[in-house]
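Trainee: I have a new model open and would like to learn how to read it. Please take me through it feature by feature.

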Amino acid sequence: MKQDVLIVEDENDIRAMIAGILEDEGYSVRQSSTSEKALDHIRSRLPGLIILDVWLEGSNMDGIELLDLVKKDHPLLPVIIISGHGTVETAVSAIRKGAFDYIVKPFKAEKLLITVTRALENARLRQENEELKGRSTGDLELIGSSPLIGQLRAKISRIAPTNSRVLITGPSGTGKELIARQLHSLSDRSSAPFTAVNAASMVPQRVEEELFGVVSDEGALVKSGLLERAHNGTLYIDEVADMPLETQGKLLRLLVEQKFQRMGASDSVQVDIRVITSTSRDLEKEAAMGRFREDLYHRLNVMPLETPPLSKRREDIPELVEYFISRLSASTGLPARKIGEDAMAALQAHDWPGNVRQLRNNVERLLILATGDPANPITMDTLPPEVSVVKSNGQNNGSDRMIAMPLRDARERFERDYLQAQIERFGGNISKTAAFVGMERSALHRKLKSLGVSGAKKDDEVQS
């Protein structure tokens, strides 16, 4: 994506020269001859970088005073100071006030381009560091080898470069923000900001303030909004169904026109943003009930992506557990433990209503509470009661009722529940199930048919 650079220089020929150099390298350039016009440009849309002359003839403020004002409102915005009358004192003062670098005129084009590149890269790294502070330590990769995850990865790879709007649906805890981040990182916008907001966690009265920003009665920028900060990048709105209806209308206008108005302002701000949204609710049903704008739903749902619940990809659980143990051990200093076969079987048989997030929390709990020799594997006895009770089809295994059954019926009931749990554990893969339970594939097929166990798939179905 083109980086937006604002040049503030009172000499027309020098301003035009700098603009030409940058435009030849693919930058988007805006120009200003005074501090007043520069502030107008900044208010209309925050640039990615400012090149600022110290002496601004005919302006109310010189470059150093303007630098002070800009850094007060936008501390992460990179500013390069230029001057034809450079002194050591001026350079030191500019750097102390937050300028990225100081260039003395006349300068070579190569020097300018190197400094601009370094300033923008430094700003990108600082932005990434700010984002990383809020990220969960385990949610950095899409883990798993199941067919469902393979299909999801392939869709992400195809959709990411297209710049299309994406609506990610699925239950809570399935990694919707992670998918949004991957879409951003694989797109042409990867060097620009990824800005995330959860509509459900925002106070309804402040949603618009957070999204659009605020200006004072005098027209000065009080607070820049998420849309402005996401310019040239990606805006991710989680749980978009919780956005107030009035704000939905303004978001629709943004999608149509790529511009918006700050609160208290009459002028529009033009932006270039890719919008990715997610929800754990059925937006089509919400629209039918009048709780979500139908026209907005169709605008957001250009490319739908569905995240599968963990119960539909149980074969990924051992890989996820191993990944979480490795990450948590590195971040907490707790010894990495092995999970015994009985404990892993119970983890795979559990329904995990909280999905991957709940699994990660349980792995962390296991590492904290595990006792004994770290070299010994964690057994099923260590698991929380709600996880260690193996269920099938959402029901308890019914051992309290089996006591009243004849041995033959009880054995049949146990075999049915046991094999159903193993089939679910291995994602319907007959070969893997047969190998684990110690039966020939043909014998297992016959047994499953006689017991009425469902969910088994042919090997070619599993691999497709």
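Trainee: How many residues does the largest nonpolar core have, and which residues have the most contacts inside it?

Mentor: A word on the source before the answer. This is a predicted model: local features need pLDDT of at least 70, side-chain atom pairs count only at pLDDT 80 or more, and totals for chains, interfaces and linings use all residues. Residues are numbered from 1 along each chain as its sequence is written, and side-chain values use heavy atoms, with hydrogens and water left out.

Mentor: Now the general idea. In soluble globular proteins, nonpolar side chains tend to be buried together. A nonpolar core is a set of buried Ala, Val, Leu, Ile, Met, Phe, Trp, Tyr and Cys residues joined through side-chain atoms within 4.5 Å. Buried means under 20% relative accessible area, exposed over 50%, and partly exposed in between (1.4 Å probe, protein chains only). Here the largest nonpolar core has 29 residues, and Leu235 and Ile237 have the most contacts inside it.

Trainee: Which elements each supply at least two residues of this core?

Mentor: First, the naming. Helices (H or I, at least four residues) and strands (E, at least two) are DSSP runs, numbered from the N terminus. The elements are α8 (207–212), α9 (226–229), β10 (234–238), α10 (245–257) and α12 (294–300). The largest share, 4 residues, comes from α10.

Trainee: What is Ile237 in contact with?

Mentor: Contact means heavy atoms within 4.5 Å. Leaving aside neighbours within four places in sequence, Ile237 contacts Val197, Ala199, Met243, Leu251, Ile276, Thr277 and Ser278. There is also a second, separate core of 24 residues, which includes Leu320, Phe324, Ile325 and Leu383.

Trainee: Back to α10. Is Gln248 buried or exposed?

Mentor: Gln248 lies in helix α10. Gln248 is buried, with a relative accessible area of 0%. For a polar side chain, look for its polar contacts. A polar contact is a pair of N or O atoms within 3.5 Å; within protein, one must be able to donate a hydrogen and the other to accept it, and residues adjacent in sequence count only if both atoms are side-chain atoms. The Gln248 side chain reaches the backbone oxygen of Met243 at 2.8 Å. A polar atom of that side chain also lies 2.9 Å from the backbone nitrogen of Arg293. Not counting residues up to four places away in sequence, Gln248 touches Met243, Arg291, Phe292, Arg293 and Leu296.

Trainee: Which residues of helix α3 are buried?

Mentor: Helix α3 covers residues 63–73, and its buried residues are Gly63, Ile64, Leu66, Leu67, Val70 and Lys71. To see how they are placed, look down the axis. The arc is taken from the directions from the helix axis to the C-beta atoms. In α3 the buried residues fall within an arc of 155°, so they line one face of the helix. Their cover includes β1 (4–8), α2 (35–44), β3 (49–53), β4 (79–83) and α4 (88–96).

Trainee: What caps the N-terminal end of α3?

Mentor: Asp62 does, with a side-chain oxygen 3.1 Å from the backbone nitrogen of Ile64.

Trainee: At what angle do the axes of α19 and α20 cross?

Mentor: Axes are lines fitted to C-alpha atoms, for helices over the stretch in contact, and angles run from 0 to 180 degrees between N-to-C directions. Helix α19 (residues 430–437) and helix α20 (residues 441–451) have axes that come within 9 Å and cross at roughly 100°. Angles under 35 degrees count as roughly parallel, over 145 as roughly antiparallel, 65 to 115 as roughly perpendicular and the rest as oblique. The helices α19 and α20 are therefore roughly perpendicular to each other. Ile430, Ser431, Thr433 and Ala434 of α19 make the contact with Arg441, Leu444, His445 and Leu448 of α20.

Trainee: Now the backbone. Which peptide bond is cis, with omega near -5°?

Mentor: The one from Lys105 to Pro106. Pro106 lies in the loop between β5 (101–104) and α5 (109–133).

Trainee: Where is Glu239, and what is its phi?

Mentor: Glu239 sits in the loop between β10 and α10. Its phi is near 50°, a positive value in a residue other than glycine. Glu239 is buried, at 12% relative accessible area.
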